[in-house]
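I opened the model to look up a few residues, helices and overall totals, and I kept these notes as I went.

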Amino acid sequence: MSTAGFNSQNGTGTGQTYANGPSQNPVAPQQLPGVGYGMAHQPTYNPMQAKAPPPPAHPGLYPSGPYQPVTPVCSYQPGPPHTSYPAASGQSLLTRPLMGGPPSRTPPQSASPGPRVPAAHATPPPPAVSSSGYYTNPQHPMAPAWQYNAAPQPMGPPATISTPPRGPVAGHVNPASSSTGPPPSTAYSPAPPPPPHVSHNVTQPPGPGMSRSPQHGYTQPGTAPPPMTPMAPHAYQPNRAPYGPPPTGPPPPTMKPAPLPIGLPMATNATPPPPRADGTVAGNGPPAAPSGYNHVDNQTGVPPPQPGTPGLHLGHYPSLPPGYQNTGYQNASAPHNATSPMHPAMQHATQPYTQAPPPYQQPHGGPGPAQLSPSLAAMSLQSTTPEALRVVNLLQERNLLPPTPIPAPTPCLQQDLQKINCHPEVFRSTLTSIPQTQSLLNKAKMPLGLLLHPFKDLSQLPVVTSSTIVRCRSCRTYINPFVSFLDQRRWKCNLCFRVNDVPEEFMYNPVSRSYGEPHKRPEVQNATIEFIAPSEYMLRPPQPAVYLFILDVSHNAVETGYLTVFCQSLLDNINALPGDSRTKVGFITFDSTIHFYNLQEGLSQPQMLIVSDIEDIFLPTPDSLLVNLNECKELVQDLLKSLPTLFEKTMETQSALGSALQAAYKLLLPTGGRMSIFQTQLPNLGVGTLQSREDPNQRAAAKDVQHLSPATDFYKKLALDCSGQQVAVDLFLLSSQYCDLASLGCISRYSAGSVYYYPSYHHQHTPAQVECFQKDLKRYLTRKIGFEAVMRIRCTKGLSIHTFHGNFFVRSTDLLSLPNVNPDAGFAVQMSIEENLDDMQVVSFQAALLYTSSKGERRIRVHTLCLPVVNSLSDIFAGADVQAITGLLACMAVDRSATASLSDARDAMTNAAIDSLTSYRQSVLTIQQPGLLAPACLRLFPLFILALLKQKAFRTGTSTRLDDRLFAMCQLKYQPLVYAMLMIHPALYRVDDLSDEGALNISERTVPQPRVLQLSVEKLSREAAFLMDAGTVMYLWIGRNCHPNFLTQVLGVPSYATVPDNLYLLPELDTPESQRTRAFVGWLRDQRPFFPSLQVIRDESQLKPTFMQNMIEDRTESALSYYEFLLHLQQQISK
C-alpha cells in the first residue's frame, strides 16, 4: 500500500515515503495481506438530521432558571451512509460529533490518492454544528455526545501547510506531560540467577555507575499495511435530543427520589441499601442534618437550608431524601496494607494479580439477615451477584468514596494466565472483558481503549540477550506468555493464529539450563520483557546521547532569575546526565539575536558567537558548537558559571524564539538528540512571531473558550522536521504573562517531547515555584531516556486501533515515531471491533517499544496484555474500569475541545455518564426500581465526570488563564493514568491527628496512612488541618481554631495568626508530630516523578478559592453540587 493516502491526509500530497529515520527492515519477512493485527480499518459513520434542535447558548456552566424538560427522542438509529465530503450548503452536518478528537489521525480508507477535504485553517472556523445549549431552539442543531469505538473519518490536513514538511504531517496527535511510577509490585518477581545469556537487570535511576549491555541495530518492523475495508454502520448512532447539564438552582420537588418503602420487594439482582453505623437501614428514618461549612466560614448559628430553600450555602445538598445519609463507606473498617510503600493511588494496583476485588462488607453493628424483612433476608442469603454488579442507588448511598485507593479490576481469566498478565500500571484497558461484537459494545455505550505507560521505571525487568528474537512470521508479534505451544517445535500466535516453528536456539532455556522446554523460557514467562536487539534491528549505528539547551536571555528572562537556577542545577547534575563516552552537549542563548558558544577542546575559555541575521540563520562554526562532554567538561562548567552574570544588565526585550529553534534544528540535524527550550515570553521577533490572543476579561466567561488551537503552523511544521531527524523538543515555560501555549506546545507535542509550565515564576516572589523548578529539572536531567524510538501496538485479529493520544508522530496506522521516549510519558488508544470474536475465549494486545538507550544499545521493550471475551452486557459492565474510562474520556474531551468547542466536550462527557447508566438500567437490570442505579464498579463514574467538568481544563464560569487551561489539557493527554486521576479527583486527608496505627515502615521511617475523605467542605473542620493532594500541587489547609499543638509541633508557630502567608516548607522539627507529617508528605512526593509544591493555606489566604474549587462535591456559583448532578442524570435517564 502506498503512502499517498497518508500524505494526502496529512497535507503533503506528495506520495513520498517518510525518508528520515529508521526505514523498513530489509531482512524481516513480508507481512501477509489480510492479517489483522491492529490495522485500523475505518468504519463508516452516519450523519443524522437533528430530530430536536438544541437550545440557545447557556449563560453559565448549566442554564439557570426553571428546568425545562426535553422531549425524549428515540436514539441510536442507523442513518444514511456518509461520505468524506462536506455537506452541501444548508445541509446539517453531524448532529453529535464523534468522540475521536481530531479525525486526521484516522487512517484513510484507500491507499490511493483521491479527492481531499480542503485544508483546515490554523485557527479553524466555528463549527457548523453548535451544541452549547441544552434546551430546544429550532434554529440550532442538537447537542453532541460521544460515538464510541467508531473510527473518525479523514478530514484532511489539520492545518494549512505552505511547504511540504520532510514527512507526512502527524495525523492525530496531542499534548502530554511527564511522570514515573513507583517501584512495581510483586508482579515483576525476580527470576532465578541468570546464566550468561539472560541478564535480569534492575532498572535504577540513571547516573554514575549505570551500565547497559552492548547492543546493535534497528529496523522498523512490519511492512506496508494491507488494504483497509470500511465497516458496516454501527448501531450506536447519535439521534436523540441533547441531554445537557441541569439547572443551577435547587431541583424542583418532582426531581426528588422517593425512598424505598420498608419491606418492599426489590429486584433479585440488587442488594438492600447499606445499613448505617447505628444499625438502621438507609432509607428508613428521618434525614440527618447536613453538617455544612458554617463552622468553617464563620457562619455558626445559621440554620441549614430546609428542603426547598432556594439559597444554598457551600457544601449543602438540597433537601436530602431520607435514605441519603452519611452512612460511611462500607469497607471503612478494612485494614490498610501495612507493607506496601506505594502511593495511595497505586497500592491496590500493585497487589498480586490473583487477588480479587475486596468483597462488599456490611459495617459492624448492622442488622443481620434475621433482622431484615423476609424478602430482603432471602435475597441477602441467596444472591450470587458479583461485587462489581452490586446495584447501588447513588441517590441513597452518599459516602461511596473508599477510604483507600481504588484497585484496578482483575480480569476474569484462569489463575495461571492472570498471574503472568501485564501489570495494570503499564498496560490497562477500559473494559477488562472485551465484547464479542461491535454491536454489543455499542449497546454498552462505554469506550473501548488502552492506556499505556510503556517506558515506566521498573525495579524488576527481565532482559534477554539472544541472537534470535522469536516473532510470528505473519504479523510480527513477539512471542509472549499467551501463545500456545502445539508441541515442542510449533507455537501458535495469539494475535493472528498462525502456526510458527520454534527455532532451535529457543529450545534451550538459559535460566534453568535445560533443553526441550521452550514454554519455560523467560520470554514466555513474563508479560513485560526487554530484548537486546541484534544487528538486523538497525540500519545505522545507534546515535549518541546529545543534549542541546536553548535559553531565553531577554530582559524578562533575566528578571525571573531562572537562569541562575538552571545553570546551578546543570552544574550539580552534569555527571549524572545519561550517556556514555560519546555524549555531546551544546548551548544556544537568544534575545533579539542568536548566540552560539564555541566549546572546542583546547580553548582557554568559551567563545560567544553572535548571529544577528535572524531571517537567514546559519551556524558560524558547526563543528565546535556540539562538543563531547567528557573531553570539554571544564569549558562547559566555565560557561555555566558565567552565563547568569553575562546577561544580568541586558535591556533586550525581544524574543526571536523561532530563529533560535531553526538554528538548533540545523545543529542537531546530523545526529538527532534532545532539545531543551527555556522560554519566558511570547516570541515577538522573526519567524514564529505570536500575538497575544487572550482577553483577561473573558477568563471567567460561561460561553465557549476561544483560541484553544494554534495561531500558526510554524511550530508544528518544525516539530515534524525534528521528528524526522530523531530530535525531540522539550519546553520549559516560565512566565507571568500569556505565552500562547496552544501554539508553542506544538513543538513538543509532535516531536514526542514534554511541556513544563511555571506560571508567575520569579526567584524571589514565588519560592515554591523555584523549588518545584529545581526538583523537576533534576529529574529531567538525570532520568532514563530512549533515543530514536518507535512504538507499535498490535491486537488480536478482529480488533483495530483507530485513534492515538499522547505526544508523538503517527508514522503509519499503528506505528508511533518517538524521537525521545522518557519514563514519565503515558499514551492512550481507542479501539473498535471489526470482526466478531465469537470463536475466541481471550484476546491479546501487545505494545513493542524499540529504542536506543543512552549507552548506545538497541533495545526492545515488549508488554503483552490478555483479556477475556464475553457475550453479555452484564459481563461487560462487571469488567468496566472506571478510572481507565475516565482517563480515556479526558483525552477524548481535550481533542473535542480543540476540534469542535469546549461546550461540545463538556456535553459529551455528561452524555457519557447518561449513556452508560441508561444502558445499564435498560439492558442489565431485570426489575426496574426508582432512583439512580449503577453497578458497584461504576458507582464513582458520575463523580469523576463531575470532577472533569470542574477540572481546570474544562471548567467554565470560573476565572481561568488560557495558558493554565491549555497546560491542564496537556497533562491530561500525556500523564500516565495514576497521576492524571489525582489531577481529576484530588485526595483529601486529615493530618492534625496522624497516628502510627496502620502506618507503613519504609527505610526505618514510619509513614502514617490516614483515610481518604470526600471532597466536600462538610469534611473540613475549623479545629483541624487537612492535606489535599492534587497531583502537581499539595495544599495544607489550617482551620482557624486548629489545635495549638499542631501549630507548634508541626508548623513551628505559636498561634494561627502567626502562620506565614507564603509558607511552602514544613520546618524540620524534632517532634513526633512533625516527623509523621513530613514523612507522609515526603512519601506522597516520592511516588511520582514530578515534584508537587506545597502551599499552606489559611482562611485569609489568596489561595483559599483555589483550594475550595477542588471541593468537587460542593456547589459553586457556576457549577452544580454532586447531588444536584446526580438528580440531573436521573432526570435524563428516566425520560
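**Notebook: surface, helices and loops**

I began with isoleucine 610, which counts as exposed at 55% relative accessibility; here exposed means over 50% relative accessible area, buried under 20% and partly exposed in between, with a 1.4 Å probe and protein chains only. The model is a predicted one, in which local features need pLDDT of at least 70 and side-chain atom pairs count only at pLDDT 80 or more, while totals for chains, interfaces and linings use all residues. Residues are numbered from 1 along each chain as its sequence is written, and side-chain values use heavy atoms, with hydrogens and water left out.

I placed isoleucine 610 in strand S16, residues 607–611; strands (E, at least two residues) and helices (H or I, at least four) are DSSP runs numbered from the N terminus. Together with Met608 and Leu646, Ile610 forms a nonpolar patch on the surface, with about 270 Å² of accessible area for the three together. Such areas come from the Shrake-Rupley method with a 1.4 Å probe, and for residues only the protein chains shown count as cover. Patch members have over 30% relative accessible area and no salt bridge, and nonpolar side chains (Val, Leu, Ile, Met, Phe, Trp, Tyr) are joined within 5 Å, like charges within 9 Å; a salt bridge is a side-chain nitrogen of Lys or Arg within 4 Å of a carboxyl oxygen of Asp or Glu.

I next looked up helix H7, residues 633–646, whose 14 residues reach 20 Å from first C-alpha to last, close to the 20 Å expected at 1.5 Å a residue; the expected span is 1.5 Å times one less than the number of residues. Leu635, Val636, Leu639, Leu640, Leu643 and Pro644 are buried in H7, and their cover includes strand S13 (546–552), helix H6 (562–573), strand S14 (584–590) and strand S15 (594–598).

I then checked two loop residues. Phenylalanine 497 has a positive phi of about 70° although it is not a glycine, and I found it in the loop between strand S8 (490–492) and strand S9 (499–501). Phenylalanine 497 is partly exposed, at 34% relative accessible area. Glutamine 726 has a positive phi near 60° and lies in the loop between helix H9 (714–724) and strand S19 (727–735), yet glutamine 726 is buried, at 2%.

For the whole protein I noted 22 helices and 34 strands, with 64% of the 1135 residues counted as buried.

Notes. Contact = heavy atoms within 4.5 Å.
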